[in-house]
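Welcome! Please take a moment to look over the sequence and the 3D view, and then we can walk through them together.

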Amino acid sequence: MSVKAQVLSALDAARGRYISGQELADQLGVSRAAIWKAVTALRADGTPIEAITNRGYALPHGADLLNADAITALLTPAVAQAIQITVVDRLPGTNAALRTQAANGAPEGLVLIAQAQSAGRGRRGHSFFSPPGGLYLSILLRPAFSTRQSPQITALAAVAAARAAEQLCGTPIQIKWVNDLWKNGKKVCGILTEAAVDLESGMLDYAVLGLGFNLVQPSGGWPKELAAVAGSLFDSAPAPGARAALAAAFLNEFWALYHTGLRGSWLDDYRRRQALTGRHVTLIPNGSEPRGATVLGIDDDCRLLVRCDGDLAPTAFGSDEIRVIPELGALA
């Protein structure tokens, strides 16, 4: 861990209490000059470190830390070593920015986080509302997966995101197939995986996994078109550092699951969390008329298993084959 990250971690652990430069230097085993340099760099990143002569440095109780060092300080050693985090104030979209880097040969493990997005995207080209106060994160992967296996990246990420969100807000989180997290029946997170394929091998060249979390309702409320379906992890302002804690919890969960393989125990958790199982829905298959169906569950390839009205045998659909309307007026 860098000196910057260590200084930030120490100040965060002592929120509101001043720690002298010498105390920090002794604690971390570095010089006072190194402490001063780290504090200067953290302030340049936007971290609101207070300083008083003869008292030292402090983080205010209400400081909301979202920078690479704050997140890295909460990662397990293995994850901290494997990934590289960049946090920016605003981007059109984190997925688009990472796809450009991936096409230029960037390595697996790059993580890009924006505090707001001006052109966030969801599945099927839909826009994704991304105001300040949320967490918008993308990670570059280079998995040894075939194109047929690629949808499972989204499913695996949904499990990791649900576990991380539950750790943070303490409320059960469900998954609405294939890529949404629900809290109390409303969407609190969307997931989008975009990939490039090696045409010769049929394997993925890279995948960019993007997530957008709603931590709180935006100032002024949700736009009219989202008011009935959008929710947030917290009903009021969360504790300081919640976004950094959520980012780290997701990365810790996801990286561990990603390296267990596609048939790990996470698939049982994915099935258990399904919000639509047992419910009657309307399916809109590509190029076909809508049909009513009852959701039976999820198969081993993470396809939605349903029994269409009037049919005896179940049918499995991939995420690129249908849209699902779980109830009147609530589009998938």
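## Around one phenylalanine

Let us begin at a single side chain. Setting aside the neighbours within four places in sequence, phenylalanine 250 is in contact with Leu137, Ala157, Ala160, Ala161, Ala164, Leu209 and Leu211. Please keep in mind that this is a predicted model.

## The nonpolar cores

Which residues touch the most other members of the largest nonpolar core? They are Leu181, Phe213, Phe250, Leu251, Phe254 and Tyr270, in a core of 90 residues. Another core lies apart from this one and has eleven residues, including Ala102, Leu110, Leu112 and Ala196.

## The chain as a whole

Stepping back, you can trace nine helices and 14 strands in the protein chain. Along the principal axes, its C-alpha atoms fill a box of roughly 80 × 50 × 35 Å. The radius of gyration of the protein chain is 22 Å, which agrees with the value near 20 Å that a compact globule of 332 residues would have.

How much of the chain is buried? Buried residues account for 49% of the 332 residues. Counting contacts in the protein chain with a separation of 6 or more, 63% join residues 24 or more positions apart.

## The surface and its charges

The chain carries 30 positive and 29 negative charges.

Terms used. Residues are numbered from 1 along each chain as its sequence is written. This is a predicted model: local features need pLDDT of at least 70, side-chain atom pairs count only at pLDDT 80 or more; totals for chains, interfaces and linings use all residues. Side-chain values use heavy atoms; hydrogens and water are left out. Helices (H or I, at least four residues) and strands (E, at least two) are DSSP runs, numbered from the N terminus. The radius of gyration is taken over C-alpha atoms; the globule rule is 2.2 Å times the number of residues to the power 0.38. Buried means under 20% relative accessible area, exposed over 50%, partly exposed in between (1.4 Å probe, protein chains only). Contact means heavy atoms within 4.5 Å. Lys and Arg count as positive and Asp and Glu as negative; His and the chain ends are not counted. The place of a charge is taken as NZ of Lys, CZ of Arg, CG of Asp or CD of Glu. A nonpolar core is a set of buried Ala, Val, Leu, Ile, Met, Phe, Trp, Tyr and Cys residues joined through side-chain atoms within 4.5 Å.
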